[in-house]
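Visitor: Hi, I'm new to this one. Could you walk me through its charged pairs?

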Amino acid sequence: MSEKTLILIKPDGVKRGLVGEILRRIEAKGYEIVELKMLQATDALLAAHYAEHVEKPFYPEMAEYMQSGAIVAAIIAGTRVVAGVRALAGATDPTTAAPGTIRGDFARAWDQGAIQNLIHSSDSAQSAEREIAIWFNR
């Protein structure tokens, strides 16, 4: 059964020229890019996406990081795509992300506040549906 997920290539991934490599890895795994766009995140967009974190102390730094440059948003489809893309992305902490994953190969800890880990991917089919609606106005 095919499902959809959302990925965001975060500002550090865009600035470092890794958009093509990240998308290449997703396509090489056999997943389909259904829709793709580049945008600048707004306060409202981020507050909707990170609704459960808005009141947490780390949110302002995270929002500042997510607004520090362009973001590439994509809808990706395929069988078990949520789990598959999360496996491709690797652990959230780039220092411990396994080699061979996007974060393991290209991300590292920076002494700059918010974790800069290149990519966001939905953590469940339900989250994907909610996040796709936010980022693609559905």
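**Salt bridges**

Guide: Happy to! Asp 105 is partly exposed, with a relative accessibility of 36%. Keep in mind that this is a predicted model.

Visitor: Okay, which residue does Asp 105 form a salt bridge with?

Guide: Its partner is Arg 25, and the closest N and O atoms of the two are 2.8 Å apart. Arg 25 sits in helix α2 while Asp 105 sits in helix α6 (residues 102-106), so this pair ties together parts that are 80 residues apart in sequence.

Visitor: Nice. Is Arg 25 buried or exposed?

Guide: Arg 25 is buried, because its relative accessible area of 15% falls under the 20% cut-off.

Visitor: How many salt bridges are there in the structure?

Guide: There are 3. Glu 21 takes part in one with Arg 25, where the closest N and O atoms are 2.8 Å apart. Glu 21 also forms one with Arg 24, at 2.9 Å between the closest N and O atoms.

Visitor: Switching to the surface: what is the relative accessibility of Arg 24?

Guide: Arg 24 has 44%, so it counts as partly exposed. Glu 21 is partly exposed too, with a relative accessible area of 24%.

Note on methods
Residues numbered from 1 in each chain as written. Predicted model: local features only at pLDDT ≥ 70, side-chain atom pairs only at ≥ 80, totals over all residues. Heavy atoms only, no water. Salt bridge = Lys/Arg side-chain N within 4 Å of Asp/Glu carboxyl O. Buried < 20%, exposed > 50% of the residue type's maximum accessible area, 1.4 Å probe, protein only. Helix = DSSP H or I, 4+ residues; strand = E, 2+ residues; numbered from the N terminus.
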